[in-house]
Amino acid sequence: VFIYYFVPINLFAVLGTFISALFVGILLYALGLGGASYAMSLAECLAFGSLISATDPVSSTHTTGTTLM
C-alpha cells in the first residue's frame, strides 16, 4: 500500500514545501520593503522561508502526535 502511494505523497510533499517556502520568503521580503519587518535581501528571505517550510510539517506532526499513514 505504501509503494502505491509513494509517488503522490512525495509529489505533494515536495511541491507543498516548495510553494510554502516561496510564499513565506516573498511575503517576508515584501514586509521588509514596506517597513513592517526587518529589511533583508530576497536570498535571505527565501532561505528563511525554506528553513521554516521544511521544519513546519515535522514539528506539527510531532506536536499533534498523529500521522496519516
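Is F6 buried, partly exposed or exposed? F6 is partly exposed, with a relative accessible area of 40%. Here buried means under 20% relative accessible area, exposed means over 50%, and partly exposed lies in between (1.4 Å probe, protein chains only).

This is a predicted model, in which local features need pLDDT of at least 70 and side-chain atom pairs count only at pLDDT 80 or more, while totals for chains, interfaces and linings use all residues. Residues are numbered from 1 along each chain as its sequence is written, and side-chain values use heavy atoms, with hydrogens and water left out.

**Overall build**

The protein has two helices and zero strands. Both kinds of element are DSSP runs numbered from the N terminus: helices are H or I with at least four residues, and strands are E with at least two. Of the 69 residues in the protein, 10% are buried. The protein exposes about 5,500 Å², and carbon and sulfur atoms supply 77% of that area. Accessible areas come from the Shrake-Rupley method with a 1.4 Å probe; for residues, only the protein chains shown count as cover.

**Helix α1**

Helix α1 covers residues 2-34, and F6 has its place there. The 33 residues of α1 should span 48 Å at 1.5 Å a residue, and the end C-alpha atoms are 46 Å apart, which agrees. The expected span is 1.5 Å times one less than the number of residues. A kink of about 25 degrees in α1 is centred on P8; the bend at a residue is the angle between axes fitted to the seven residues ending there and the seven starting there.

The buried residues of α1 are A21, G25, L28 and G32. An α-helix has 3.6 residues a turn, so residues three or four places apart point the same way. After α1 comes G35, whose phi is positive, near 90 degrees.

**The start of the chain**

V1, F2, I3, Y4, Y5, F6, V7 and I9 make a nonpolar surface patch of about 940 Å². Like charges are joined within 9 Å, and nonpolar side chains (Val, Leu, Ile, Met, Phe, Trp, Tyr) within 5 Å.

The count of aromatic pairs comes to one. Y4 and Y5 form this pair, which is edge-to-face, with 4.9 Å centre to centre and 85 degrees between the planes. Rings of Phe, Tyr and Trp (its six-membered ring) pair if their centres lie within 6.5 Å; planes under 30 degrees apart count as stacked, over 60 as edge-to-face and the rest as tilted. Y4 counts as exposed at 66% relative accessibility, and Y5 is partly exposed at 43%.

**Contacts along the chain**

Helix α2 covers residues 42-64 and includes A43; S53 is also in α2. T17 and A30 belong to α1.

| Pair | Apart in sequence | C-alpha to C-alpha |
|---|---|---|
| S53 and T17 | 36 residues | 5.7 Å |
| T17 and T55 | 38 residues | 9.5 Å |
| A43 and I26 | 17 residues | 9.8 Å |
| A30 and M40 | 10 residues | 9.8 Å |

S53 counts as buried at 4% relative accessibility, whereas T17 is partly exposed at 28%. A43 is exposed at 57%, and A30 is partly exposed at 43%.

Methods. Patches are made of residues with over 30% relative accessible area and no salt bridge: like charges are joined within 9 Å, nonpolar side chains (Val, Leu, Ile, Met, Phe, Trp, Tyr) within 5 Å. A salt bridge is a side-chain nitrogen of Lys or Arg within 4 Å of a carboxyl oxygen of Asp or Glu.
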